[in-house]
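Reader: Before I use the terms attached to this model, I would like to see each of them set against its definition.

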Amino acid sequence: MTFITQSFRCLAGKVSRFLPHLPFRENSSARRLNGVCLLMVGAALLALFGADIEIYAVDPWQELGKIGWGLLLPGWSDLPALLQALGYTVAFALLAVAVAAPLGLLLAMVFHWRPIRLLCAALRSVHELFWGLIFMQIFGLSATTGLLAILVPFTGVFGKVFAEIFEQQATQPAQTLPPAATGLKRTAYTLLPQSWSALLSYTRYRFECALRSSAILGFIGLPTLGFHLETAFKQGQYSEAGALLWAFLLLIASLRWWLRARLIPLYLIAAVWLLPETIGFSGGGSLWQFVSVDIWPSALRAGDGSGLLDWLTMMFSEQVWPGLVQTLLLTQIAVVLTGVLVLLTYPLASRALVGPVMRWPGRLLLLVLRSTPEMVLVYVLLLLLGPSGLPVVLALALHNGGLIAFLVANASDAEHKSRITRADDPQGLKRYAYVETPRRFPAMLAFLFYRWEVILRESAIMGILGIATLGFYIDSAFEEIRYDRAFLLIVVTALLNIVVDSVSRRLRRQALPDTAQ
Amino acid sequence: MSIVRCVLVKALLLPLLIILPVLAQAETFVFTAIPDEDESRLQQRFGKVADYLSDQLGVEVRYIPVKSYAAAITAFRNDQVQLAWFGGLSGVQARRLVPGAEALAQGFEDQFFKTYFIAHKSAGIEPGAELAEAVKGKTFTFGSKGSTSGRLMPEYYLRQAFSAAPADIFSRVGFSGDHSRTIAQVQSGAYQLGAVNYAVWENMLKQGDINEDKVQVIWTTPTYPDYQWSIRGDVDQRFGQGFKEKVRTVLLEMTDPELLASFPRKSFVPANNSDYAPIEATAKAIGLIDQ
């Protein structure tokens with residue numbers, strides 16, 4: 001857990017530094033904060049009108065009962081297969097992070113170049129599953145596909161976050177270097193040593209994210225946990241699904257015991273050895289075919305201008321626009337709901353609010369929320385609420401709320417440990433309302449803004465389950481072997497993501513000037 | 001020190017990862033199959049099919065599991081697999097992408113496959129010889145987007161009955177992704193109606209997974225050809241003259257009930273590309289395949 005605490009500190013470094021002074025700040029900062037919150041909530045309320053969030057009268061109890069029993073009485077007959085899937089899940093995540101983190105570090109050093117910033121934004125704007133679908137066309141079902149699907153977007157994320165960590169470092173040490181020293185030397189002698197612990201703890205945090213991504217890649221056919229999980233849910237074998245979910249929870253919960261710096265080289269060698277063998281793929285593939293033919297509409301290849309226009313008009317009016325609108329609306333509602341959920345759940349896991357013992361059930365709840373793949377949550381909610389965007393919104397809010405609440409609770413605990421308590425400290429609800437929440441709020445908001453683009457990517461992805469976000473049309477295009485459509489839609493999704501990312505950065509700067517660069 | 005070592009290991013790994021796929025053996029005969037139900041323990045079950053094929057054909061045969069028809073088509077097109085057990089529609093799509101590819105054999109049941117339209121009792125739709133007008137305005141789910149029995153044929157018959165696209169007939173159209181899930185979602189009332197592969201319905205009924213007080217069949221489509229084995233056109237060059245015919249014979253002679261149960265089919269019977277012309281025409285008619 002400590003590494004997440006540390007990563008929290010590094011991400012919200014400036015936030016936590018200014019937190020104790022919050023009550024003494026001038027009024028305008030609080031007003032700005034309120035303004036941005038109001039704007040977000042208002043937008044979400046407006047989105048409620050346009051979003052597809054109907055509730056259907058359903059009769060889910062037979063199915064939900066089966067799911068409940070499966071979770072309570074997990075069973076798995078084939079232990080070697082389970083261990084193998086766990087092994088693959090860890091191997092993909094570990095190797096991908098081991099390659100992506102150094103690459104991200106290199107990119108972070110030249111992050112001031114606009115093309116590099118754009119490159120990073122582009123890499124991370126496409127979800128791992130979509131990268132996976134793309135690489136599968138080129139590298140088949142292979143270890144390469146799995147590794148690239150994680151490491152490509154992660155490189156973009158590492159580049160951005162490492163650059164932000166660098167920017168938070170004091171500049172005095174760099175000023176002691178001779179003026180002629182090159183950028184590389186500056187990085188090596190000042191920035192790296194200064195930010196080393198922050199870089200490491202963030203990398204460890206991303207490893208947990210990589211485990212989730214790796215598991216989820218199983219949904220498109222890689223042999224990780226998600227492969228069996230998808231099958232089990234599809235076939236209604238809920239005790240097997242339960243076993244897989246519990247195994248994954250244990251994997252995440254036990255990270256702090258097995259993820260040791262000294263053991264990592266050993267793990268890396270083991271991971272290479274463990275990687276699934278690629279069967280039947282001779283390496284040629286159809287890279288060139290894919291890049292030069294498949295992804296371009298046939299009208300464009302034929303030089304048929306009016307045909308291309310027809311195609312674009314059809315795509316825009318039937319898929320791009322409706323998908324884009326639904327994705328944005330659902331995302332907006334999910335972001336605000338995530339915030340509400342954080343406010344409701346973080347106290348359950350905080351030492352200062354519920355005490356050192358009672359926080360453990362809360363922590364378990366948050367662990368379950370953040371580790372259960374959203375796809376699984378959506379599936380269960382779909383049975384409960386019927387088919388609409390509502391299950392997607394709720395699942396995203398539960399998952400991301402669990403994640404942020406966990407970070408917020410950790411920050412609260414970290415501060416609690418270091419502070420001297422007073423006899424007249426308020427307790428209970430008063431403490432929640434007047435002490436903890438105001439102190440945690442700016443950092444929570446900062447996280448929410450960070451997660452905004454993630455929630456957007458994920459609500460696009462949820463389309464795979466049949467809710468008409470952009471992912472629905474992308475998935476359909478892949479299913480219909482229409483890569484030209486898939487390519488256009490992925491580019492649109494990526495652009496949307498980049499726009500939302502920059503809006504969220506601007507809002508963050510508005511609301512929390514102290515966290516912005 | 002450990003950092004240096006760590007970095008070194010990483011540096012050594014990178015090229016290794018990129019060349020991994022190239023190291024795979026080329027002259028293994030690889031196939032894939034997605035059964036229309038029970039996708040658990042695929043490797044174990046189809047591993048036995050691979051052993052059978054290997055014994056009979058005298059070459060190394062491997063099986064790779066895939067998650068979707070699209071993934072099977074991609075693997076077939078990329079020559080990662082040379083033989084595949086496709087649905088009717090995915091077979092047509094795959095053979096269009098691989099010149100010379102041929103349908104070899106179909107399941108006995110696939111000569112006259114059909115789709116059941118099912119409804120939750122609360123929808124109040126009575127079974128009949130025609131698709132009832134009352135289905136209009138209800139919620140409806142297909143199976144997977146690329147499925148013949150869960151998508152292509154039901155959509156075709158819906159369009160024929162109502163001269164409208166499914167989205168205009170129903171208040172909501174979903175894709176459950178799988179036949180078992182279609183049944184589960186209609187049974188739970190998440191959708192009022194669904195279209196499902198008849199064989200999956202019959203089997204789940206037999207196993208007691210269906211509560212007929214909640215969900216029932218309201219209409220059955222006319223029959224159409226479905227699942228088939230398709231093989232790439234270049235296998236004779238790679239595995240020797242007459243290899244394609246040998247594969248066909250070996251498939252038709254597969255009689256071990258344990259092997260057949262994996263698909264699950266009674267037996268395999270000969271098939272050829274022209275058997276699937278109706279499927280291709282239907283797919284073109286509803287715009288799933290470009291003209």
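This is a predicted model: local features need pLDDT of at least 70, side-chain atom pairs count only at pLDDT 80 or more; totals for chains, interfaces and linings use all residues.

Author: Residues are numbered from 1 along each chain as its sequence is written, and chains are lettered from A in the order in which they are written.

Reader: What makes strand 1 and strand 2 of chain B a pair?

Author: Strands are DSSP runs of E with at least two residues, numbered from the N terminus, and two of them pair if DSSP finds at least two bridges between them. Strand 1 (residues 29-33) and strand 2 of chain B have three bridges, in the parallel sense, and therefore meet that definition; B:Phe29 stands opposite B:Val61 in strand 2 of chain B.

Reader: Why is the sheet of chain B called open, and which strands stand at its edges?

Author: Six strands of chain B follow the order 2-1-3-10-4-11 in an open sheet with mixed pairing. Strand 2 (61-63) and strand 11 (268-270) of chain B are the edges, each having a single partner strand, so one side of each is left without a neighbour in the sheet.

Reader: How do you know which residues of domain 1 and domain 2 of chain B are in contact?

Author: The bounds, domain 1 (24-110 + 225-285) and domain 2 (114-220) of chain B, come from an automatic or database domain assignment. Contact requires C-beta atoms, placed from the backbone, within 7 Å, and by that criterion 15 residues of domain 1 of chain B are in contact with 14 residues of domain 2 of chain B. Helix 12 of chain B gives the most to the domain 1 side, with four residues.

Technical notes:
Two residues are in contact if their C-beta atoms, placed from the backbone, lie within 7 Å.
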